[in-house]
Amino acid sequence: MRPSDDEKVVPFEWLTNFTSLQALLDPEWLFDGHDNEDQDKTFRVLHVGCGSSTLGEILMLSFPRYNYVVNADNDIELLTGMKKRWHSLVQKYATLKGGDIGTLEYVHMDFIKNTAESFHPQLDSSLENKTNGSFELILDKSTLDCLLCSSDGASGLICEVYKQLKPGGVYFLITFNHEDFIAPLLEDCPGTRWEVTKTHAERNVDAPNVVKRNEALLLGSADVRNFGKDESNYSVARMNPKKDQEPKEEDRGIDSSSVAMQSAWTSGTFSPNQNYGRYLNVFICRRNSNCYNFTLNKEAVTNHIHKKNDEYFKQSNPMLTHVRKEELKRLFLKILEYESIADKGSIRSEDEVLSSIVVPLEECYEIMFTDAEKEVLDYCHFLEDWEAFSPADTSNESISGMTFKTAIAFLEMMQ
């Protein structure tokens, strides 16, 4: 909910809370030993698509080496409310910790337009004023997931992330998407030079009332590192990563053998397994320390994302399953009254009928698509797709209809 001028914004960690990510974000594990020999080095953090999340501030309070955090989002009202909230707490936090706690900023960023501008006087300076490669760590809690639904928002995000990421820096992505989709999307992204590794995190969500209570507990406690931890509300096991060693699944209370990160749409309908929503995929993209090219070709990245998206969903959720083909065959034969034709002594086989007799487009549209598909593909758009399809062999059909075999070819193209 967006706050009014007289309201305070209420933080909400809808995806997962800091506790579930704490071990993976510990700089001793994430950076030390990876081209970083200075164990006192501090890091700059960019949190893309921050919304009303407090991940950035908790990260800074829990790990002092993350001493500069920029929270970026496209919702100016929400950012303004979060900034006001931070300014009301920062002095209390500083007093609690006995000194400087670092710098936290809020900026407006629109990845669809691929701009990083501050249009509101109450927000800090824009990322346009920061040089390429400004951040060692870029956090993404499912922002890429959201932008994959737009035409080129995801490519805008990846291009901006790569532009802002320092050599040796980490793009830390938490995603609901299946690893078979995200891994090749990141690993093969044109122009990028980064090493991609994957792990899992158990999902833990803080309700707004829990966030408020934890905030109150923090301000009344001397132990900042216990922020957000409450045994009665979190099931996550304590995580204690060691340097140069990735936290083990058992350290997070996760039995890796039970984590089947399968698509919920594998069967062609929404059928999530028992682990759907309980675990998240985490991708760590570590940029080559010797790579100083910060600009990606957005068109090439856009085409790459569309290609990987098509390849994955054709395999994981094909439009044309065997069951669907058989049902379409039955419906086409019903329209063509094949059985009555056979009764009249026709010598044409079923295959000949399906290959030669044309069904009007209006009837094809009705039987070829489900009600859900028709909601996003109306008849006018169907006709546009049909015109673009342009079958190579139109000897047995007119522009106003299609045979069963052409209908199958058309659906294959639509995937």
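User: Is Lys 141 buried or exposed, and what is its relative accessible area?

Analyst: This is a predicted model. In it, Lys 141 has a relative accessible area of 9% and is buried.

User: What does Lys 141 form a salt bridge with?

Analyst: The general idea is that side chains of opposite charge can pair when their charged atoms come close. Here the partner of Lys 141 is Glu 13, and the closest N and O atoms are 2.4 Å apart.

User: Which parts of the chain does the pair Arg 65 and Asp 32 link?

Analyst: The side chains of Arg 65 and Asp 32 meet in a salt bridge, 2.9 Å from N to O. Arg 65 is in the loop between helix H3 (55-62) and strand S2 (66-73), while Asp 32 is in the loop between helix H2 (27-30) and strand S1 (43-48); they are 33 residues apart. Both residues are buried.

User: Where do Arg 85 and Glu 57 lie?

Analyst: These two side chains, Arg 85 and Glu 57, form a salt bridge at 2.8 Å, N to O. Arg 85 belongs to helix H4 (residues 76-97) and Glu 57 to helix H3, so the pair ties together parts 28 residues apart in sequence. Arg 85 and Glu 57 are both buried.

User: Which residues are linked in a network of salt bridges?

Analyst: Asp 188, Lys 308 and Glu 311 are linked in this way.

User: How many salt bridges does the count come to?

Analyst: The count is 11 salt bridges.

Definitions and conventions. Residues numbered from 1 in each chain as written. Predicted model: local features only at pLDDT ≥ 70, side-chain atom pairs only at ≥ 80, totals over all residues. Heavy atoms only, no water. Salt bridge = Lys/Arg side-chain N within 4 Å of Asp/Glu carboxyl O. Buried < 20%, exposed > 50% of the residue type's maximum accessible area, 1.4 Å probe, protein only. Helix = DSSP H or I, 4+ residues; strand = E, 2+ residues; numbered from the N terminus.
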